[in-house]
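Q: Could you take me through this model feature by feature, giving the general idea behind each reading before turning to the case at hand?

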Amino acid sequence: MNATVGDRLLVHGNIVGERDRRGEIIEVRGPGGGPPYVVRFDDGHTGLVFPGPDAVVVPAQRRP
């Protein structure tokens, strides 16, 4: 998984009824665009994220 600043991170809920979490990647700390990422989630929370298999990076240029 590789990302750049401005991409969006989508973390799918892994429990029935749990909502997906979405946020903007504001810092990439791994080499070559790899994790971990600092993400500002849509709810205002900012945190360091090591995405798992339930996460998808949506490149900034593909967003509507």
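**Reading the fold and its contacts**

A: The protein chain has zero helices and five strands, where helices (H or I, at least four residues) and strands (E, at least two) are DSSP runs numbered from the N terminus. Read along the sequence, the pattern is β-β-β-β-β. The radius of gyration of the protein chain is 11 Å, close to the 11 Å that the globule rule gives for 64 residues, so the chain is as compact as a globular protein of that length; the radius is taken over C-alpha atoms, and the rule is 2.2 Å times the number of residues to the power 0.38. Along its principal axes, the C-alpha trace spans about 35 × 25 × 20 Å.

Q: On what basis are such values computed?

A: This is a predicted model, in which local features need pLDDT of at least 70 and side-chain atom pairs count only at pLDDT 80 or more, while totals for chains, interfaces and linings use all residues. Residues are numbered from 1 along each chain as its sequence is written, and side-chain values use heavy atoms, with hydrogens and water left out.

Q: Which residues does UniProt list for "domain: DUF1918"?

A: The UniProt record, an unreviewed entry, lists residues 1-57 under that name; its positions are given in the numbering used here, feature names are shortened, and annotations may be inferred rather than shown by experiment. Over residues 1-57 the chain is 0% helix and 42% strand, with the end C-alpha atoms 7 Å apart.

Q: How many salt bridges are there?

A: Side chains of opposite charge can pair when their charged atoms come close. The criterion is a side-chain nitrogen of Lys or Arg within 4 Å of a carboxyl oxygen of Asp or Glu, and by this rule the count comes to three. One of them joins Arg8 to Asp42, with the closest N and O atoms 2.9 Å apart. Arg8 lies in strand β1 (residues 8-11) and Asp42 in the loop between β3 (37-41) and β4 (46-49), so this pair ties together parts that are 34 residues apart in sequence. Another salt bridge is formed by the side chains of Arg40 and Glu24, at 3.8 Å from N to O. That pair also links distant parts of the chain, since Arg40 is in strand β3 and Glu24 in strand β2 (residues 21-28), 16 residues apart. The side chains of Glu27 and Arg29 likewise meet in a salt bridge, at 3.0 Å from N to O.

Q: Is Asp42 buried or exposed?

A: Buried means under 20% relative accessible area, exposed over 50%, and partly exposed in between, with a 1.4 Å probe and protein chains only. At 52% relative accessibility, Asp42 counts as exposed. Arg40 is partly exposed at 39%, as is Glu24 at 29%, and Glu27 is partly exposed with a relative accessible area of 34%. For the protein chain as a whole, buried residues make up 34% of the 64 residues.

Q: What does Val11 touch, not counting residues up to four places away in sequence?

A: Contact means heavy atoms within 4.5 Å. With those residues left out, Val11 touches Asp20, Arg21, Asp54 and Ala55. Val11 is found in strand β1 and counts as buried at 18% relative accessibility. Between Val11 and Gly52, which are 41 residues apart in sequence, the C-alpha to C-alpha distance is 8.4 Å. Among contacts in the protein chain between residues at least 6 apart in sequence, 39% join residues at least 24 apart.

Q: Which peptide bond is cis, with omega near 10°?

A: Most residues other than glycine have a negative phi, and most peptide bonds are trans. Here the bond from Pro35 to Pro36 is cis. Pro35 is placed in the loop between β2 and β3, and Pro36 has its place in that loop as well. Pro35 counts as partly exposed at 34% relative accessibility, and, leaving aside its neighbours within four places in sequence, Pro35 is in contact with Met1, Gly30 and Pro51. Arg29 also has its place in the loop between β2 and β3, and, with neighbours within four places left aside, Arg29 is in contact with Gly34, Pro36, Val38 and Leu48.

Q: What lies over the face of Phe41?

A: A charge sits over a ring if NZ of Lys or CZ of Arg is within 6 Å of the ring centre and within 35 degrees of the ring normal. In this model Arg21 lies over the face of Phe41, at 3.9 Å from the ring centre.
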